[in-house]
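Student: I am new to this structure and would like to go through it step by step. Could we look at it together?

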Amino acid sequence: MPDPQEHFLDGPELPSGVTRFWLVRHAIVEANARKTMYGSLDVPLCTHHLTSQKAAYHALARRLPHQALWFSSPLKRAQQTGHTIQKAGKLSIPLTIDPAFAEQSIGQWNGTPHKDFPALLSKPTGPFWSIAADECPPEGETMLDVRHRVGHALNKLAQQYAGRDMIILSHGGAIRMALSHCLAIPAETALRFCIQNLSLTIIEHIAGQWRVVTINELPDFGTNAA
């Protein structure tokens, strides 16, 4: 077994050769979609925020490892976020589409206005997520289902690309379930994490164990880079 002391993180730099996932939540979606529970609908990003938050994309391009493999949810908001980060960093790396990292499908409830959504629910919700982890919308999936598919995908990629950096463009719910899987905590508990748009969450797989390095790390939204 590896010496656990070899994997302490006392310094500011992350060592190379570690199986590491850089999970990025997509940017803010367009205004009309934000009025609804858009869930797994394929809604576009907000053009205003794409322009006003250019500095954040440049900051992410500097922060993310340039030799990484890139994966994305099939939803256009995740892919567009990835392409915009790459453009800011003058990168051109293929995005491998992986449906496992899509947002929770709320089935027939997709597109419901926020004010009408509570009337559809059969279970009480927590304070920070709009649906209980074990509630299954008609033709949709529970957050427990999301936890299973995300966890399975992370395990598979960790084995397939051991020692590599992997960037994953994903969604708030899916990233919370990645944390649920890695920390072995209930899905309902993981819904208490804050995962903001364009935030970065870093997890590692070392000697068969998961470690969380950072959660909801925000890029610099300051003055736009040239």
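Tutor: In β6, Trp70 has Ile167 as its bridge partner. Please keep in mind that this is a predicted model.

Student: What about strand β1 and β6; how many bridges join them?

Tutor: Six bridges connect β1 (residues 19-25) with β6, and these strands are also parallel. Within β6, Ile168 is the residue opposite Leu23.

Student: How many residues of β6 are buried?

Tutor: Six of the six residues in strand β6, residues 165-170, are buried. Asp165, Ile167 and Leu169 point one way, while Met166, Ile168 and Ser170 point the other way.

Student: Changing topic, which residues are linked with Asp165 in a network of salt bridges?

Tutor: Arg20, Glu204 and Arg211 are linked with Asp165 in that network. Between Arg211 and Glu204, the closest N and O atoms are 2.7 Å apart.

Student: Is Glu204 buried or exposed, and why?

Tutor: Glu204 counts as buried because its relative accessible area is 0%, which is under the 20% cut-off. Arg211 has 25% and is partly exposed.

Student: And how many salt bridges are there?

Tutor: The count comes to seven. Among them, Arg149 pairs with Glu141, and both of these residues are buried. Lys115 forms another with Asp116, where the closest N and O atoms are 3.2 Å apart. Lys115 counts as exposed, at 71% relative accessibility, whereas Asp116 is partly exposed at 34%.

Terms used
Residues are numbered from 1 along each chain as its sequence is written. This is a predicted model: local features need pLDDT of at least 70, side-chain atom pairs count only at pLDDT 80 or more; totals for chains, interfaces and linings use all residues. Side-chain values use heavy atoms; hydrogens and water are left out. Buried means under 20% relative accessible area, exposed over 50%, partly exposed in between (1.4 Å probe, protein chains only). Helices (H or I, at least four residues) and strands (E, at least two) are DSSP runs, numbered from the N terminus. Two strands pair if DSSP finds at least two bridges between them. A salt bridge is a side-chain nitrogen of Lys or Arg within 4 Å of a carboxyl oxygen of Asp or Glu.
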